[in-house]
Amino acid sequence: MKIILLGPPGAGKGTQAEVLSRTYKMLHVSTGDMLRESVKNKTEAGLLAKSFMDKGELVPDNVVTAIVVSRISKPDAKAGFMLDGFPRTVQQAVELEKQLESAKQKIDLVLYFNTAEKTAIERLTGRRVCTKCGLNYHVKNKPPKKMNVCDSCGAGLIQRDDDKLETIKNRLNVYQKQTAPLLSFYKERSTLREVSGDLNVNELFLKLKDLFLNEKLS
Ligand code: AP5
């Protein structure tokens with residue numbers, strides 16, 4: 001199955017992708033994670049991406065699309081994948097569709113996490129991430145057992161550079177202008193299904209499981 005997780009920053013896409021990919025043994029492809037890895041490794045794409053990410057702007061379509069196409073062309077993506085954070089513009093969606101069509105494939109399902117702005121801001125300002133394994137925490141909703149220490153690998157936790165309030169506000173604006181048009185794009189293709197991103201992690205996971213059952217994806 002080929003699935004897209006769509007929704008504003010802070011909707012909980014990454015959190016659900018992690019659980020869903022474990023439960024359904026699906027490949028999780030996160031453009032945010034791949035771009036942050038490129039920034040860390042100071043690759044050409046990473047150095048270019050950083051200037052956009054720091055401001056909460058989208059990285060140019062050609063850069064992100066090339067990274068995704070290369071990842072989903074690998075053998076482990078043949079059985080299916082879950083795209084988290086891609087596509088984010090109509091141009092990216094069109095390019096993805098073209099690439100899949102040329103391999104006689106298509107997107108089966110687009111899960112839209114409909115989330116209030118207030119929820120997104122509360123989640124993003126409280127998010128902390130592990131500097132080593134990348135595991136995701138929240139100061140209130142998902143605190144680590146020991147303050148600022150990762151439960152899994154023991155490394156320190158930090159706040160993402162783009163999780164500062166001003167940058168969050170810009171990311172939400174960018175989402176409305178450039179990503180929200182994808183809702184009509186996928187509605188026209190009858191692949192869009194909506195869930196409430198305001199639910200807590202377990203409630204949302206159960207809704208998604210039900211939806212998978214109804215779509216006969218499990
Ligand atoms: P990216 O990393 O994709 O960021 P994002 O879309 O802004 O998404 P987030 O990771 O902020 O939110 P999420 O929905 O995954 O929420 P999460 O589960 O982490 O992209 C970063 C940047 O890279 C972009 O700004 C852009 O510059 C660039 N980029 C990436 N893809 C691109 C593309 N395709 N084109 C161009 N540029 C691109 O949860 C957030 C917090 O809430 C966590 O603390 C979590 O613990 C908590 N939480 C999660 N779910 C719940 C819940 N249900 N209840 C309570 N708390 C919850």
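Author: Welcome! A residue counts as buried when its relative accessible area is under 20%. Please keep in mind that this is a predicted model.

Reader: Thanks! Are Tyr24 and Phe212 buried or exposed?

Author: The word applies to a residue with under 20% relative accessible area. Tyr24 falls into that class, and Phe212 does too, so the answer for both is buried.

Reader: How many aromatic pairs does a search of the whole structure find?

Author: Happy to say. The search covers the whole structure, and the number of aromatic pairs it finds is two.

Reader: Why is the pair of Tyr24 and Phe212 tilted?

Author: The ring centres of Tyr24 and Phe212 are 4.8 Å apart. Stacked planes would be under 30 degrees apart and edge-to-face planes over 60.

Reader: What is the geometry of the pair formed by Phe185 and Tyr186?

Author: Both residues are buried. Their ring centres lie 4.9 Å apart, with 80 degrees between the planes. An angle over 60 degrees is the criterion here, so the pair is edge-to-face.

Reader: Turning to the ligand, how far is a polar side-chain atom of Arg127 from an oxygen atom of the ligand?

Author: Arg127 is among the residues that come nearest, along with Thr15, Glu57, Arg88 and Arg171. Elsewhere, a backbone N or O atom of Ala11 lies 3.1 Å from a ligand oxygen, and a side-chain N or O atom of Thr31 is 2.8 Å from a ligand nitrogen. For Arg127, the distance to a ligand oxygen is 2.6 Å.

Reader: How much of the ligand's accessible area does the protein cover?

Author: On its own, the ligand has 1000 Å² of accessible area.

Reader: Which element supplies the largest share of the shell around the ligand?

Author: The shell divides into 13 nonpolar, 12 polar and nine charged residues. At least two residues each come from α1, α2, α6 and β6. The largest share is four residues, and its source is α2.

Definitions and conventions
Residues are numbered from 1 along each chain as its sequence is written. This is a predicted model: local features need pLDDT of at least 70, side-chain atom pairs count only at pLDDT 80 or more; totals for chains, interfaces and linings use all residues. Side-chain values use heavy atoms; hydrogens and water are left out. Rings of Phe, Tyr and Trp (its six-membered ring) pair if their centres lie within 6.5 Å; planes under 30 degrees apart count as stacked, over 60 as edge-to-face and the rest as tilted. Buried means under 20% relative accessible area, exposed over 50%, partly exposed in between (1.4 Å probe, protein chains only). A residue is near a molecule or strand if one of its heavy atoms lies within 4 Å of it. A polar contact is a pair of N or O atoms within 3.5 Å; within protein, one must be able to donate a hydrogen and the other to accept it, and residues adjacent in sequence count only if both atoms are side-chain atoms. Accessible areas come from the Shrake-Rupley method with a 1.4 Å probe; for residues, only the protein chains shown count as cover. Ala, Val, Leu, Ile, Met, Phe, Trp, Tyr, Cys and Pro count as nonpolar, Asp, Glu, Lys and Arg as charged, and the others, Gly among them, as polar.
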